[in-house]
Amino acid sequence: NPTLLNLADSFHTALDEEQFNALNVYNIIGCQNPDTFGEFRIYDGGEYDVTAVDGDGRVPLISAHNLTSGYTNYFALYDDIDVAHIGLVRDLQPIRLIENIINETSSSLPGISQSVQDCFDESPNPRRIIYSSHSPVELHVYDSLGNHTGPTSTDAIELGIPFSNYERIGDNNFAFVPPGGTYQVVLEALSEGEFNFKVKSYVGTTVSSTATYIDIPLQSASTTAELTFTDFNGDLDLSVDNDGDGTFDTTLSPNAILNASSSADILPPNITMSDIPSTVYVGTELTFSYSATDDITGVEILKGFLNGVPITPGVIMTMD
């Protein structure tokens, strides 16, 4: 709704220009948390993907730090003290910082910085594993102790795995867990069809590796799929139980395993297709030719359809 968006933008802009009625303003900002969504990408068929940015798990750093010139800014470093969004007013180190401000005492606190540059001093080790499913499946994750993160029978979200998170956008599910453990990922069909599944490893707020599973068939609403994941050097095969009888019927390898550079590629492939005449007569033959290229990641799957019917490049079809 462009009208409402413009009204909201005008209202927010007016607030941004208002100054605090205070001589001193102290801004406590969280950063380095890779659970912060900074970008949403919407694809055909209702598929969403997200990109993590620097922030506190909810508010991006660029938003929290915007228009803070003249304020006294403090940055809670997630890599050091695991303080997320709600922790900025609840956890020990920010509370100590607030106490120091009120008492007008100055002392350095571990994990608290006054330099925004420290937000970008990220650990070289993996910080987050994100599992995502796209289409009509439920996504569940279990750790080695049996703790569960994912939907419950009442459609609530359980965060049983320590330091885990979970988000849903339509039929897209995202489970965030800390690295270093062995996880059992379970995908349960909600209907027939097909789904996509991704595993991403984050170093700081940068994707370091991605495994993608594309167009996995769901033969029935009883179909399940499971992946035992430790890291990207382990077995990445996805086991599929087509009829839900507890016996796996097939094993699928990832369609692609991407490094940091190819994981960052969000540009669509270049698609070329032969010209189709403006007028085509019933009973005549027509040849469809199409192809796709991608300079960074390459093309894994190429499909074409005419009125819902699959067509193969170069095949001659009779129009009816």
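1. As for terms, strands are DSSP runs of E with at least two residues, helices are runs of H or I with at least four, and both are numbered from the N terminus. Two strands count as paired if DSSP finds at least two bridges between them.

2. A word on the basis of all this. The model is predicted, so to speak of local features a pLDDT of at least 70 is required, side-chain atom pairs count only at pLDDT 80 or more, and totals for chains, interfaces and linings use all residues. Residues are numbered from 1 along each chain as its sequence is written, and side-chain values use heavy atoms, with hydrogens and water left out.

3. Which sheet holds the pair from my opening point? β14 and β18 belong to an open sheet of 6 strands, in the order β10-β11-β6-β13-β14-β18, with antiparallel pairing. β10 (165-169) and β18 (256-258) are at the edges with a single partner strand each, so one side of each has no neighbour in the sheet. From one strand to the next, the twist averages 15 degrees; angles run from 0 to 180 degrees between N-to-C directions, and axes are lines fitted to C-alpha atoms, for helices over the stretch in contact.

4. Another open sheet has 3 strands, ordered β1-β4-β5, and its pairing is mixed. Contact here means heavy atoms within 4.5 Å. Strand β4 (residues 72-77) pairs with β5 in the antiparallel sense over 2 bridges, and F75 stands opposite S113 in β5.

5. Please also look at the hairpins around β8. Strand β7 (residues 137-142) pairs with β8 (residues 148-151) in the antiparallel sense over 2 bridges, and V141 has T149 of β8 as its bridge partner. There are 5 residues between these strands, and G146 in this hairpin takes a positive phi near 85 degrees. β8 also pairs with β9 (residues 157-159), antiparallel over 3 bridges, with P151 opposite I157 in β9. This hairpin too has 5 residues between its strands, and D155 in the turn has a positive phi of about 70 degrees.

6. On the surface, which residues make the nonpolar patch? M273, I276 and V280 do, over about 270 Å². M273 is in strand β19 (residues 270-273) and is exposed, at a relative accessible area of 56%. Exposed means over 50%, buried under 20%, and partly exposed in between (1.4 Å probe, protein chains only).

7. Finally, the overall picture. The protein has 5 helices and 24 strands, and its C-alpha trace spans about 85 × 50 × 40 Å along the principal axes. Of its 320 residues, 38% count as buried. Among contacts with a separation of 6 or more, 59% come from residues 24 or more positions apart.

Terms used: Patches are made of residues with over 30% relative accessible area and no salt bridge: like charges are joined within 9 Å, nonpolar side chains (Val, Leu, Ile, Met, Phe, Trp, Tyr) within 5 Å. Accessible areas come from the Shrake-Rupley method with a 1.4 Å probe; for residues, only the protein chains shown count as cover. A salt bridge is a side-chain nitrogen of Lys or Arg within 4 Å of a carboxyl oxygen of Asp or Glu.
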